[in-house]
Amino acid sequence: MKAIVLAGGFGTRIQPLTNSLPKPMLPILNRPMMEHIILKLRDELGITEIGILLYFKPEVIKEHFKDGSDLGINITYFQPDDDYGTAGAVAIAREFLDETFIIVSGDLVTNFDLKKIKKFHEKKKSQLTITLTPVEDPLQFGVVIANEKDRIEKFLEKPSWGEVFSDTINTGIYVIEPEILDHIPYKENFDFAKDLFPSLMKQDIPLWGCPIKGYWRDVGNPESYRDVYKDIFNGEIILPYKGEKKELDKGTVYLEEGVFLDPKIRVEGTVVLGKNVSISEGVTLKDCVLGDNTKIKKHSEILNSVLWNDISVSTKVKLNNSVICNNNIIKDEVKASFGVIMAEKCLVNKKVSFEKDIIMWPDKVVEAASVVSTNIIWGNKYKSSIFEEGSVIGRTNIELSCQMATKLAEAFGSILPEGSNVYISRDYHNATFMLKRAFVAGMLSTGVNVVDPYNVPSNVMRHALSQKEEMAAGIHIRQSVYDPSETEIIFYTSEGLVVDTKVSQQIERIFFRENFRRVHYREIGTISEDKGLSEEYIEAIESSFPKELFKNSELKVAADIMNGSTSNIYPRIINELGIENIILNAHKSDKIQSNDVVKNQENMKNIVRAMNLDCGFLIYPNGHKLQIVDNKGELIYDYILLLAILSLLDNVSEKKDLKVLLPAWAPDFITYKNIEITRAKLANFKADELREYDLIADSDGHFAFNSFGLNRDSIFTSFKILELLEKSGKKLSKVISEIPKFCYKGENIPCPSSSKGKMMRKFLEDGKNKKTTSVDGVKIWMNEEEWVLMVPDQYNEFLNLYVQAEDEKSAGKIFYKYQDKIEKWISE
């Protein structure tokens, strides 16, 4: 038997620990993580022929392991000339793999019984065996369901929380027969989970899942790296130590050669000391690992921490729950009682205090007596991922600084073809003006041309983006509506759609590696202006409606522009269409508060009632969301507005086979005679697929009418609603009153991320003898019209629980029943 160790990952999510080391080389007990895997393959399976697949920082791995003879094995290195995916990379080694082989990632920490996996493979006469295990958080892995005979029936690679149908995951440990390599194309990007496994299943080649329990951790982020050490010191996993074992004070010390220990030190728990470590008088060591050439001076405390190589810690320093990378200097009386993750080559001067768990990036200097309360430089939300649904959101000039904006632009520009044209628009706030300037500079440095439409709403830029073939992408920078201290940078494709997870990850990878494309000075991008976007947009909306539609109409409406960027657009359109109107808050203001949305709603309700208007629109500042007050002065809930629009379309649309795309949680108890509704996870759809639908909407006030474009647009939607009302001859309150009575509610139930996979499994088990779907989350029907839907939130520690029922009483009964179940399941 031979082995392949995968060691080519970029380690993006575990930055900044992988700033100078590939992830498999991160030290665990003073030996690279991957070395523990190699020793396990050698000792448990007797494997001596091991291939290592390299890609990121290959020289570091080669320098450490050389030919493998120091470990009593023979190593063959394989380095693909491009990123061919997991299976494509293994296929590069097909000549080496002439017998049964096992594949293991080099960045795992595990005590799985490899002999048991091998025996399972042999017993099943399997061509490909996947090792399976249950985990608390399955998001970063492939989720798997196998039948009672252990044959795999279903899997999904790296799902969102709403797609998780099990907490049993693919561990990335495979046993494979050489003939499987014939199914992998040579030098093509080909992934095990996304490409090979579905292909084999289509050919009815059995995939077997070997269920196994034990310790298994993919060290994917800084927190999981610390957790490995906690588990080691708590005895959850036993790994081999280096050095001489010695009982000292209240603990156990493992010492390599050249260690100096002052007699007057305190030891508790397990302490591991690398070569030439020096520990001075009065030092306290508890459950910690110190790498080679590390020096700890008098009366310092190193508790529950990992220090790599060549670190100098001065007197009276206290480090707790910390990871200190290579070549750091920590001066006298520094206190990190709550934890710090410090990348290499930092200098922390005297009497610095870290007030909470902090991340420091490489080459940072902290001045003496500083109190550090925020990450240096990135904020908490950037620990594992920068992006949230195609956007980067952060506190202005703190997390989203000019430096970060420039790096984001360099990363985005690097994945676009040189010479591409990109729109970069913004709202009118000073913060977005500042960040846009920084972003433009970064894009130009990659050889991408910037087209500047200045201050326009995002829907105006997106509409132009979707219409102009010469544009490759778009960026919009805006102040958050809900928190004025935050800025959002939103990334769009050439169709005007928010970039998907795959593109976001490409940007993040380049961002963290700083592998930016820096072009020759003659190829630096250019800046041009396009001030005609608003005019084109206005003309497009006006031409979407018959000229005489509103001329003789008696409709009277109010529109609150909410001090947004639509102030130069909306009033003009509504006047040129001939609609009698009152415009509110059309001036620009930098003094918007987070509670102003509620004030605007109340104000609109009062105005509609007092002026006897047909309706009032609240147009959110960038034109991306819409809310409506009906003719009776009642604010329409977002989900009721969706049903009202569907009812109007069903009754007055000239087209009789309308296709509508909605999310899984949208109400579904009404059948329409002229509308076919598809319920799915909207983020999974590409532009070509979306074009098949007449309306793409959700129950949160977002609507995209395909007759105008694929992008959410509250401006167009407001006039479309007026058109439908005019054609129906009905008041909006009348349309709403005709909607069958029902109750629909959605609330957040607190749930730690570690329990979300378990909740998905429990919901599936609970719905076993009932009608269920798992399109996005798990929906369980109580009867033909009543259901409960649970969707784990992708970014926050709660579950979204939706209930549809015939009345408030029935909805409450269903909701509290499942709320109680969730609380019970979490505590089990």
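Predicted model: local features only at pLDDT ≥ 70, side-chain atom pairs only at ≥ 80, totals over all residues.
**Nonpolar cores**

The largest nonpolar core of the model has 127 residues, and L41, Y225 and F439 are those with the most contacts inside it. Helix α1, which spans residues 33-45, gives the most to this core, with seven residues. Apart from this core lies another, of 77 residues, which includes I573, V660, F708 and F716. In soluble globular proteins, nonpolar side chains tend to be buried together. The surroundings of F439 can be listed in detail: leaving aside residues up to four places away in sequence, F439 touches A405, L408 and A409, together with I424, I475, I477, I489 and F491.

**Helix α9**

Helix α9 covers residues 458-467, and because eight of its 10 residues are buried, this helix is largely enclosed by the rest of the structure. The buried residues are S458, N459, V460, M461, R462, H463, A464 and L465. What covers these buried residues of α9 includes the strands β35 (421-426), β37 (471-479) and β38 (486-492), as well as the helices α11 (533-542) and α16 (714-728).

**Two helix pairs**

Two packed helices are described by the angle between their axes and the distance between the axes. The table gives these values for two pairs in the model.

Helix α1 passes α2 in a right-handed crossing, and the contact is made by M34, E35 and I38 on the side of α1 and by I61, H64 and F65 on the side of α2. Sorted by class, this contact of α1 with α2 has four nonpolar residues, one polar residue and one charged residue.

The crossing of α18 and α19 is right-handed, and the residues that make the contact are K758, M759, K762, F763 and D766 of α18, with Y818, K821, I822, W825 and I826 of α19. By class, the residues of the contact of α18 with α19 divide into six nonpolar and four charged, with no polar residue. An α-helix has 3.6 residues a turn, so residues three or four places apart point the same way.

**Backbone features in loops**

A cis peptide bond joins Q15 and P16, with omega about 10°, and P16 lies in the loop between β1 (2-7) and β2 (27-28).

Positive phi values, in residues other than glycine, are found at N30 and at E333. Phi of N30 is near 65°, and N30 is found in the loop between β2 and β3 (31-32). The relative accessibility of N30 is 16%, and because buried means under 20%, N30 counts as buried. Phi of E333 is near 60°, and this residue has its place in the loop between β26 (329-330) and β27 (335-336). The relative accessible area of E333 is 34%, so E333 is partly exposed.

Conventions. Residues numbered from 1 in each chain as written. Heavy atoms only, no water. Buried < 20%, exposed > 50% of the residue type's maximum accessible area, 1.4 Å probe, protein only. Helix = DSSP H or I, 4+ residues; strand = E, 2+ residues; numbered from the N terminus. Contact = heavy atoms within 4.5 Å. Core = buried A, V, L, I, M, F, W, Y, C linked by side-chain atoms within 4.5 Å. Left-handed = near helix turned anticlockwise from the far one by under 90°. Nonpolar A, V, L, I, M, F, W, Y, C, P; charged D, E, K, R; others polar.
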